[in-house]
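I opened this model to look up its fold, its core and a few side chains. My notes are below.

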Amino acid sequence: MAMDRDKVAGSQEERDASPVSFALDVRSGVPTYLQIVQQVEAALRLGGLQSGDRLPKVKDVVSSLGINPNTVLKAYRELENRGITVGRPGVGTFVIAAPLAVSTETFLELRSLLLDGWLQTAQERGLQSDEIAALFHSALSEIDDPSMRPLSNTERGRSR
């Protein structure tokens with residue numbers, strides 16, 4: 001009978017496995033704990049994580065990324081503060097809520113438009129990945145705060 005239960009429930013290792021793993025970009029300037037938070041939020045938005053999913057164990061993140069356990073704990077605490085996860089001592093950290101996500105079809109359509117349009121044009125004009133990222137983030141910050149938008153040549157002439 002135990003064999004049937006294992007077939008249905010999966011092995012302990014499969015049940016403990018998290019659908020997400022983390023990667024760090026040491027050149028980004030973003031604190032390590034915040035990169036983990038952002039990756040969890042992105043996985044939720046893209047459907048890689050669902051409510052009820054378990055995040056990787058702290059010790060697994062520490063060993064795979066070579067970072068301090070307190071950094072992972074800080075990230076998991078921030079996720080709890082944002083109402084995204086809940087920690088269960090001795091069991092793990094689980095997703096309890098997800099940010100509102102657009103449909104997979106919408107994401108795929110927008111991704112395709114980005115890849116086949118703007119990104120392709122930027123690459124054809126000689127921009128490297130880090131330059132493309134900087135330009136994208138700059139434009140994104142202008143959407144969030146229009147006062148950050150630089151004046152155009154026409155607008156500069158009017159302000160004189």
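The entries run from the whole chain to single residues.

**Ground rules.** I am working with a predicted model, in which local features need pLDDT of at least 70 and side-chain atom pairs count only at pLDDT 80 or more, while totals for chains, interfaces and linings use all residues. Residues are numbered from 1 along each chain as its sequence is written, and side-chain values use heavy atoms, with hydrogens and water left out.

**Fold.** I looked up the secondary structure and found eight helices and two strands in the protein chain. These are DSSP runs, numbered from the N terminus: helices are H or I of at least four residues, strands are E of at least two. Along the sequence I read the pattern α-α-α-α-α-β-β-α-α-α.

**Surface and contacts.** Of the 160 residues in the protein chain, 19% are buried. Buried means under 20% relative accessible area, exposed over 50%, and partly exposed in between (1.4 Å probe, protein chains only). A contact is a pair of heavy atoms within 4.5 Å. Among contacts between residues at least 6 apart in sequence, I found that 51% join residues at least 24 apart.

**Core.** Which residues have the most contacts inside the largest nonpolar core? They are Ile-36, Val-40, Leu-49, Leu-55 and Tyr-76, in a core of 18 residues. Such a core is a set of buried Ala, Val, Leu, Ile, Met, Phe, Trp, Tyr and Cys residues joined through side-chain atoms within 4.5 Å. Helix 3 (32-45), helix 4 (58-65) and helix 5 (69-81) are the elements that give two or more residues to this core. Helix 3 supplies its largest share, five residues. I then listed the contacts of Tyr-76 beyond four places in sequence; they include Phe-22, Ile-36, Leu-55, Val-61 and Thr-85.

**Thr-85.** Thr-85 counts as buried because its relative accessible area is 2%. A polar atom of its side chain lies 3.3 Å from the backbone nitrogen of Glu-80. A polar contact is a pair of N or O atoms within 3.5 Å; within protein, one must be able to donate a hydrogen and the other to accept it, and residues adjacent in sequence count only if both atoms are side-chain atoms. Thr-85 also touches Leu-55 and Ile-96, among others.

**Arg-54.** I placed Arg-54 in the loop between helix 3 and helix 4. Is Arg-54 buried or exposed? Arg-54 is buried, at a relative accessible area of 7%. Its side chain reaches the backbone oxygen of Val-91 at 3.4 Å. I also checked Arg-54 against Ile-96: they are 42 residues apart in sequence and 9.6 Å apart in space, C-alpha to C-alpha.

**Rings.** I counted one aromatic pair. Rings of Phe, Tyr and Trp (its six-membered ring) pair if their centres lie within 6.5 Å; planes under 30 degrees apart count as stacked, over 60 as edge-to-face and the rest as tilted. Trp-118 and Phe-136 have ring centres 6.3 Å apart and planes at 55°, so the pair is tilted. Trp-118 is in helix 6 (residues 104-124) and Phe-136 in helix 7 (residues 129-144).
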